[in-house]
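Here is a short tour for someone meeting this structure for the first time. Have a look at the sequence and the model, then read on.

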Amino acid sequence: GNTATNGGVAYLSTKAEVTVKNSNWYANTATSSGGAMYLGKGTLTVINSTLGGDTAEAGNTAKYGGAIFAKTDKTVTIENAALANNTASSTGGAVYVQSGTFNMYDGLISGGSAATNGGNICATSGDSDPGNFYVNIYGGTITGGSAANGGNIYVNNKTYLNVEGGT
């Protein structure tokens, strides 16, 4: 795996528009945010890919967002992808979205672990952030997460959770 302060594999800067398709990213580490990917402002779409692996050792790790950390005015979309066994020493075992939108269309998010909030998914926004933010789950499975608050999903403050189908 790869190691970085932010974005173990990739650091995606302001206004980036990135699609990851048919890829496997595992055993990457960020000492701060985004074990596999750090997204500044922009759009990230992960299609038919796996971020993490079959065991905790194969998962990606970071302090915030074990696999993906997305910050401010961005959209992260997962389509038929798997995020498995990723770990955050603080928040968002698989994904941490800060003041943005997370969409999941089918796929699997499982085995994520975070010390505080969101074993698999954590989505937050600050009081001064303009607008509302969303976590939209359209099918798929989210399971096996572990955290002090929100074993699978944690949302707060102007962030809304919509679930249609799935387990």
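## T91 and its surroundings

In this predicted model, the side chains of T91 and S90 make a polar contact at 3.2 Å. T91 sits in strand β13, which covers residues 87-91. Is T91 buried or exposed? T91 counts as buried because its relative accessible area is 8%, and the cut-off for buried is under 20%.

Who else does T91 meet? Leaving out residues up to four places away in sequence, T91 touches K63, Y64, G65, Y96, A114, T116, N117 and C122.

## The strands beside β13

Strand β13 has pairing partners too. One of them is β9 (residues 61-64), which pairs with β13 in the parallel sense over three bridges. Here T61 stands opposite T87 of β13.

Strand β17 (residues 113-114) is also joined to β13, running parallel with two bridges between them. T87 turns up again here, with S113 as its bridge partner in β17. As a bit of background, strands of a sheet pair through backbone hydrogen bonds, either parallel or antiparallel.

## A six-stranded sheet

Now for an open sheet. Its six strands pair in parallel, in the order β3-β7-β11-β15-β19-β22. Which strands are at the edges? They are β3 (16-21) and β22 (159-164), each of which pairs on one side only. Going from one strand to the next, the twist averages 10°.

Let's zoom in on one pair from this sheet. Strands β11 (residues 74-79) and β15 (residues 101-105) run parallel and are joined by five bridges. Within this pair, T75 stands opposite T101 of β15.

N80 is found in the loop that links β11 with β12 (82-84). With a relative accessible area of 44%, N80 is partly exposed.

N80 and G107 are 27 residues apart along the chain, but their C-alpha atoms are separated by 4.0 Å. Not counting residues up to four places away in sequence, N80 touches N48, S49, Y105, D106 and G107.

## The nonpolar core

In soluble globular proteins, nonpolar side chains tend to be buried together. In this model, the largest nonpolar core has 29 residues. Which of them touch the most other members? They are M37, L44, I68, L83 and F102.

Take L83 from that group. Setting aside neighbours within four places in sequence, L83 is in contact with L51, A67, I68, I78, A94, V95, L108, I109 and S110.

Conventions. Residues numbered from 1 in each chain as written. Predicted model: local features only at pLDDT ≥ 70, side-chain atom pairs only at ≥ 80, totals over all residues. Heavy atoms only, no water. Pairing = 2+ DSSP bridges. Helix = DSSP H or I, 4+ residues; strand = E, 2+ residues; numbered from the N terminus. Axes fitted to C-alpha atoms, helices over the stretch in contact; angles between N-to-C directions. Core = buried A, V, L, I, M, F, W, Y, C linked by side-chain atoms within 4.5 Å. Buried < 20%, exposed > 50% of the residue type's maximum accessible area, 1.4 Å probe, protein only. Contact = heavy atoms within 4.5 Å. Polar contact = N/O pair within 3.5 Å; in protein donor to acceptor, adjacent residues only side chain to side chain.
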